[in-house]
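Hi,

Here's the structure I promised to pass on.

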Amino acid sequence: MYISRLELENIKSYGKATFDFAPGITAIRGDNGAGKTTIIEAVAWAMFDMLDYTKEQFVRRGEKKGSVRVTFVSGIDEREYEIFRDSGSTYFAKDPRLGAIIANKKEEVQRFVWQHLGLDPGTDLESLFRQAIGVPQGTFTAVFLSTTATRKAIFDKLLKVDEYRDAAARLLDTSRFVEHRISDTREQVARIEGELARSESVVAERESLSNETRVLAEKIGRIELDLDAARTDLAVGEKQHAQVAEMQAATVNAQAERERAELAASNARSLFEISENAVATIDASRPASERYQAAITDIKRLEKARSERDELQKQLNASATKVVAVETELRSVQDLLTRAEAAAREASELAPKAAEQEKFEGSIRNLRERLVSAKAVEAEIASLEERLQKLRDQFAANTAAIKQNEEKAAVAAELAELEKRSGELITSLAAVQASLERDERFQREIKNGLCPILSQKCLNLGPGETLESFVSSQFSSLRSQIGELTTERNAVDQRLAIAREGQKAAAEVASLRRRNEEIETEGKTLVARSASLKGQAASNTALADELASFEEKLAALADPRGRLRVLEKQAAEKNELTTRLAALDAESRNLNASKSEFELQLTPFAELDADLSAALARRDENADEHLKFLANEAAAAELEPRRIAYNAAAELFESAVREADRLLAAHKAALDAFDQKRFEDSRLLVAALDRSLAAETARYTTANERLEKLTAEIDRFADLRKTRDHGLAERERLEAVSKTTAFIRDTLKEAAPQIARNYVRHVAVEANQLFREITGNGERSLKWNDDYSVSVEEDSYERPFVSLSGGEQMSAALAVRLALLKQLTEIRIAFFDEPTTNMDEVRRENLAAEIRSITNFDQLFVISHDDTFDNYVDNVIVLGDGARTNLG
């Protein structure tokens with residue numbers, strides 16, 4: 001598998017760019033900021049979902065959207081595929097030969113990448129790229145210099161060791177679920193066994209109830225036969241009883257009809273007699289009634305005349321009221337006119353005093369405005385003094401800070417030399433510690449004072465000197481060197497921290513001095529302004545006394561202007577009042593004339609009240625006789641109709657008497673023929689048989705219902721036995737599953753470290769071979785240990801990673817990372833971003849030659865800012881000034 005093309009649009013510094021790649025080793029060269037690392041970041045983002053900052057920061061400045069298209073040749077079918085991703089939501093894999101999208105969105109694209117890179121589903125693509133394929137710039141050796149815990153977290157994830165631990169942890173939930181199921185099954189079986197314990201008593205009860213229902217059924221049959229016979233006899237008696245009751249009801253009705261006819265005849269005779277009496281009464285009352293009606297006619301005529309008189313009197317009263325009102329208003333207007341004339345005279349006298357009041361009020365307003373300004377000046381003076389004090393305090397604090405920072409800044413000049421010396425001490429200390437560890441291991445190999453290599457006494461020892469004493473003397477010397485180096489390093493580190501603080505302090509001194517200059521300028525301005533304001537304040541001290549004097553004079557005037565306005569308003573009404581007075585005088589004359597006219601019209605009605613009283617007296621005198629006439633008039637008119645009604649009612653009464661007598665005789669004959677005792681006995685017998693039948697039927701129904709329930713319960717017992725048997729089988733199965741799950745969990749927990757060690761051994765073998773190829777030295781061995789640490793063994797001496805030179809560390813890290821790729825994946829592609837960082841020219845050349853010696857990889861990319869790798873690679877891409885050059 002290899003990448004054949006990369007297309008960028010609006011990504012970081014690239015507007016639009018296309019890069020064609022070939023198999024083999026490709027160097028991408030350019031100055032800092034030319035966009036070299038962007039190429040690796042684009043591939044990582046599109047294929048491995050890795051980006052160390054937001055998509056918005058990845059897009060070219062000023063653009064809304066950017067995109068990356070990676071074309072690669074698959075190692076599975078050797079066909080080209082494209083992966084496209086933009087900063088929006090578009091993300092897909094495409095087959096350019098078919099022109100079809102074969103994976104859409106992140107999840108599908110990841111599955112596509114796993115398949116064509118030969119990775120197991122679920123592989124963490126970001127971790128794989130970050131730790132093996134494309135290690136970010138400056139971090140190539142970092143993981144091997146980190147702590148054991150950090151290395152374990154990174155490589156456990158990369159080797160998928162955590163997946164075994166996670167699987168074992170997840171199986172714990174499964175194990176608990178199975179145990180719960182076993183417990184539930186045991187509880188279910190025990191509950192069923194408890195219910196089945198009563199099955200025998202239920203069967204016996206059902207048998208007893210079956211016998212009881214048969215006996216009850218036979219008894220119910222006999223009762224039903226006796227009841228049918230009794231009901232037949234009762235039916236005959238009920239028919240005779242019904243006939244007697246029917247005759248009795250007819251007799252009662254006939255008697256009632258006779259009584260109603262008798263009452264009707266009596267009422268008709270009474271009404272007839274009332275009409276006869278009424279005729280005699282109205283004949284005697286007729287003359288008085290006629291006099292009453294004549295009086296009523298006279299009263300109506302006179303009351304109409306009285307209404308006309310009352311209306312005229314009402315108009316006369318209204319006219320009189322208006323006359324009084326006009327005369328009252330006339331007097332009021334005359335009084336107001338007199339007052340208006342007096343107000344005009346008084347207003348001319350108050351005019352000079354009102355002018356004097358205006359003068360005083362103007363002076364008072366002017367003095368109050370000057371007092372407000374004076375108070376504002378005093379407030380501003382106080383604010384200026386407060387601001388000046390704050391500036392003085394800040395100036396003093398800045399001056400003290402400048403002095404302190406100048407003392408610290410004096411040490412900043414030593415920063416570069418101190419940093420250089422710190423690096424030298426770290427390197428020297430690591431070398432001496434490595435020598436001490438080697439000599440201690442060598443001491444352990446000494447036996448009987450003989451050289452462990454030649455197995456004989458060392459010839460380099462002086463007389464009387466043993467190998468143990470020689471090595472021990474070396475220990476003292478090395479430990480002494482370590483102590484001296486450590487002491488010096490601590491001192492240098494302390495001095496270095498002070499120098500770094502001094503560097504910051506130097507920058508702060510200039511800022512503080514500029515601020516003090518600004519404070520001095522501002523302070524001078526504020527002092528001048530304060531002096532000016534204090535001069536103004538001194539001239540305003542007499543304003544309050546002057547204001548009090550004017551206010552006292554104004555109070556003594558007692559507001560003549562206000563009184564003048566009132567008087568002028570009264571005087572202004574004089575003309576209007578004169579006009580109103582003339583109008584009222586004319587209106588008074590007209591109203592008096594109208595009043596005289598109404599009095600003349602009332603003259604004909606002088607005797608009206610006397611005539612009306614006489615008519616009312618005649619009416620009252622004849623009222624009683626008139627009422628008698630009216631009360632008897634209607635009854636007298638009914639004389640003949642009531643006579644006819646009375647005769648008809650008498651005939652109807654005689655007929656009702658005859659019918660009642662006939663029905664009474666018939667009822668007595670039917671009653672003599674009916675046997676009441678036999679009828680009562682038959683009814684009691686039927687009722688007793690009904691109760692007995694109901695009781696026995698209820699017992700039968702209850703027993704039958706209980707029988708059905710028992711039968712259903714016996715059927716349920718059969719189902720419970722089946723459920724119990726199934727539960728027992730399920731419990732056995734679950735117990736077997738529980739044992740199997742526990743075995744798998746234990747196996748997974750034990751497998752995780754074993755698999756990790758197995759991976760480490762295979763990778764270590766491959767890494768050792770690669771390391772020898774890279775360094776060209778077959779005498780040295782690279783070890784990748786179980787704790788993921790790296791060491792190099794040479795001449796039976798093992799050196800830890802921290803004691804290796806920069807070039808050795810880079811070679812070892814490179815070998816381990818490439819071995820990881822070869823052992824864990826089918827990927828044969830890698831990116832090296834600035835692998836020569838902090839290397840001198842010789843080491844860069846050595847590393848370039850070592851990378852050239854790497855085999856079994858389809859494609860390697862080396863990112864560098866110099867031309868070290870140009871002579872050791874198959875292709876060179878040069879970036880710079882927005883252009884690129886492809887050197888085959």
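Buried here means under 20% relative accessible area, with exposed over 50% and partly exposed in between (1.4 Å probe, protein chains only). Strands (E, at least two residues) are DSSP runs, numbered from the N terminus.

Before you go further: this is a predicted model, where local features need pLDDT of at least 70, side-chain atom pairs count only at pLDDT 80 or more, and totals for chains, interfaces and linings use all residues. Residues are numbered from 1 along each chain as its sequence is written, and side-chain values use heavy atoms, leaving out hydrogens and water.

A hairpin of four residues links β5 to β6. β6 also pairs with strand β7 (residues 100-104), again antiparallel and over four bridges. Phe-92 has Asn-104 in β7 as its bridge partner. In the β6-β7 hairpin, Gly-99 takes a positive phi near 70 degrees.

Now pick out Glu-82, which sits in β5. Is Glu-82 buried or exposed? It's buried, with a relative accessible area of 14%. Its bridge partner in β6 is Lys-94. The Glu-82 side chain also makes a polar contact with the side chain of Arg-69, at 3.1 Å (a pair of N or O atoms within 3.5 Å; within protein, one must be able to donate a hydrogen and the other to accept it, and residues adjacent in sequence count only if both atoms are side-chain atoms).

Cheers

Key. Pairing = 2+ DSSP bridges.
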